[in-house]
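Trainee: I have just opened this model and would like to be walked through it. Where shall we begin?
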Amino acid sequence: MCCGTWQPCAPTAWSPRTSRTGTTSSTASWTTRRKDGDDMATRVNPRLLSEIKRYGAFDISACFNCGNCTAVCPLSKDNDAFPRRMIRYAQLGLDEHLISNKELWLCQHCGDCSETCPRQAGPAEFMAASRRYAISQFDPSGLARSLHLSTVRSLAIMGILGVVFAGLLLWKSAGVPTDPATQFSTATMLDFVPFHVLHDVGIAVFVLLAVVALLTLGNMLWMLAHAPVPGGVGQPDGTPRRFPLSAAFRALWLTLSEVLLHRRQRDYDNEQTRPALLPVRRWFLHLCILAGFGGLAAATTLDYLLKDPDLHVMPWSPIRLLGILSGLVFTYGTSVVIIKRLFAKRQPGPKATASQRYYAHTVKSDWLFLWLLWLVSVTGFVLTAAIYLPVGATWLYGVFLVHVVLAMELLILMPFTKFAHVIYRPVAIWYQHFRRLRAPSN
Ligand code: SF4
Ligand code: SF4
């Protein structure tokens, strides 16, 4: 059995596993001889390829292993046979090999590989689908799988969470002001949803998010640390060593600068031949969404820590200004991305750019995430504008409730949706730097 790499083959032997019912099961084990001479059993999932197709890899079975994608991929400089190796893992059913690879998260979906694939197998889309599959595999609850694969279950989960959050928030509500002349303000919002209720539910959401994120992240780190090396031979040895703290901090610094400046996305921006204008470039829009979200999170935290909740502040006060500018950037980024995805041709032709291909392959879970982001940003804007305009309409309290409920849903579902890449990608980048920095120099 070929693993698709350029490493020498390891001696292997297939041994189908017997299910509890006594019939041959759909999984099998593959015995690989390690460098140290021990045999290691590898779980094989024959349904892996069809499973990944459900997450959006439209035609990867057309791949005939020519290696064109590896020749053009910017990541294959350091990592032999990437992404061809990943495709082979999927074809062979080696799901643990597939999801434990940090390269899965280092791929920026630049699309070079799909553009050069002679079989139109869509290796870039395969990588995106594999990331969705990995998010589902890191989550033992099965929630991520439902959110990625089933619209009905996604809507049911969102609906149930929405009802629970709305019920908790309105539990001690004083209701909306009955006098139509009452100006909509922070104070009236906090009569509608009392500050202590907002505070307590918010803290509960953050604690729950932290616990779930740590669990799924722990799962990912465990897999990264035990990732099989290319070629199926050799495993990280278990020799105890002192933890290289300086390498860890240096890797953290490199990761932060890379993520915040979007260096990797800009390097892999392959729209050089037909470049789009900067305001609609993919990396720029992603940066807008990231920066806008970060600014809004910072403004909300500072508001909570430093400001009297009932106090009315002017739009040019520093924290409010940070919130308004971040909200503008965030809304711009999410709106343009949604428009681009809505108007992308579903069947991009052979001359389509990598960006056109990227937007064309939008799956249900992308929409769920994007619409959530957009609704949170737009409702936030309506509320901010209403505070400074002479209006007192009661529907604004409905907007406030929707805004808070959706923001809480967005946060609590973070480890289960596309949002999870905010956790997994920086960790993979950190791990790549860390491994490189601690490797003995020649
Ligand atoms: S270029 Fe296409 S056919 Fe060739 S190895 Fe990559 S995915 Fe397979
Ligand atoms: S999308 Fe770009 S980074 Fe990802 S595998 Fe293809 S060529 Fe490599």
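Mentor: Let us begin with Trp-367 and Trp-371, which both lie in helix α17 (residues 364-388), 4 residues apart, about one turn of the helix. Helices here are DSSP runs of H or I with at least four residues, strands are runs of E with at least two, and both are numbered from the N terminus. This is a predicted model, in which local features need pLDDT of at least 70 and side-chain atom pairs count only at pLDDT 80 or more, while totals for chains, interfaces and linings use all residues. Residues are numbered from 1 along each chain as its sequence is written, chains are lettered from A and ligands numbered from 1 in the order in which they are written, and side-chain values use heavy atoms, with hydrogens and water left out.

Trainee: Is Trp-367 buried or exposed?
Mentor: Trp-367 is buried, because its relative accessible area is 18%. Trp-371 has 34% and therefore counts as partly exposed. Buried means under 20% relative accessible area, exposed means over 50%, and partly exposed is in between, with a 1.4 Å probe and protein chains only.

Trainee: How many aromatic pairs are there?
Mentor: The count comes to 14 aromatic pairs. Rings of Phe, Tyr and Trp (its six-membered ring) pair if their centres lie within 6.5 Å; planes under 30 degrees apart are stacked, over 60 edge-to-face, and the rest tilted. One of the pairs joins Trp-105 and Tyr-424, which are tilted at 45° between the planes and 5.0 Å centre to centre. Trp-105 belongs to helix α5 (residues 103-106) and Tyr-424 to helix α19 (residues 421-438), so this pair ties together parts that are 319 residues apart in sequence. Both Trp-105 and Tyr-424 are buried. Trp-367 and Trp-371 also form a pair, stacked, with 6.4 Å between the centres and 25° between the planes.

Trainee: Which residues form one aromatic cluster?
Mentor: Phe-293, Phe-330, Phe-369 and Phe-419 form it.

Trainee: Changing topic: how many salt bridges does the structure hold?
Mentor: The structure holds 6 salt bridges. A salt bridge is a side-chain nitrogen of Lys or Arg within 4 Å of a carboxyl oxygen of Asp or Glu. One of them joins Glu-51 to Arg-145, with the closest N and O atoms 2.5 Å apart. Glu-51 is in helix α1 (residues 48-54) and Arg-145 in helix α8 (residues 143-149), so the pair connects parts that are 94 residues apart in sequence. Glu-51 counts as buried at 17% relative accessibility, while Arg-145 is partly exposed at 31%.

Trainee: And which residues are linked in a network?
Mentor: Arg-132, Arg-341, Asp-366 and Lys-418 are linked by salt bridges. Asp-366 meets Arg-341 at 3.7 Å, N to O. That pair links distant parts of the chain, with Asp-366 in helix α17 and Arg-341 in helix α15, 25 residues apart. Asp-366 is buried at 2% relative accessibility, and Arg-341 is buried at 3%. Asp-366 also meets Lys-418 in a salt bridge of 3.3 Å, N to O. Lys-418 lies in the loop between α18 (395-412) and α19, so its pair with Asp-366 in helix α17 ties together parts that are 52 residues apart in sequence. Lys-418 is partly exposed, at 23%.

Trainee: What surrounds ligand 1?
Mentor: There are 13 residues around ligand 1, and the closest are Cys-63, Cys-66, Gly-67, Cys-69 and Cys-117. Here a residue is near a molecule or strand if one of its heavy atoms lies within 4 Å of it. The elements that give two or more residues to this shell are α2 (68-72) and α3 (84-92). By class, the shell has 8 nonpolar, 3 polar and 2 charged residues. Ala, Val, Leu, Ile, Met, Phe, Trp, Tyr, Cys and Pro count as nonpolar, Asp, Glu, Lys and Arg as charged, and the others, Gly among them, as polar.

Trainee: And which residues are around ligand 2?
Mentor: Among them are Cys-73, Cys-107, His-109, Cys-110, Asp-112 and Cys-113. The classes in the ligand 2 shell are 8 nonpolar, 3 polar and 1 charged.

Trainee: Lastly, where is Pro-318?
Mentor: Pro-318 lies in helix α15 (residues 318-342). Pro-318 is exposed, with a relative accessible area of 69%. Between Pro-318 and Ala-299 there are 9.1 Å in space, C-alpha to C-alpha, and the two are 19 residues apart in sequence.
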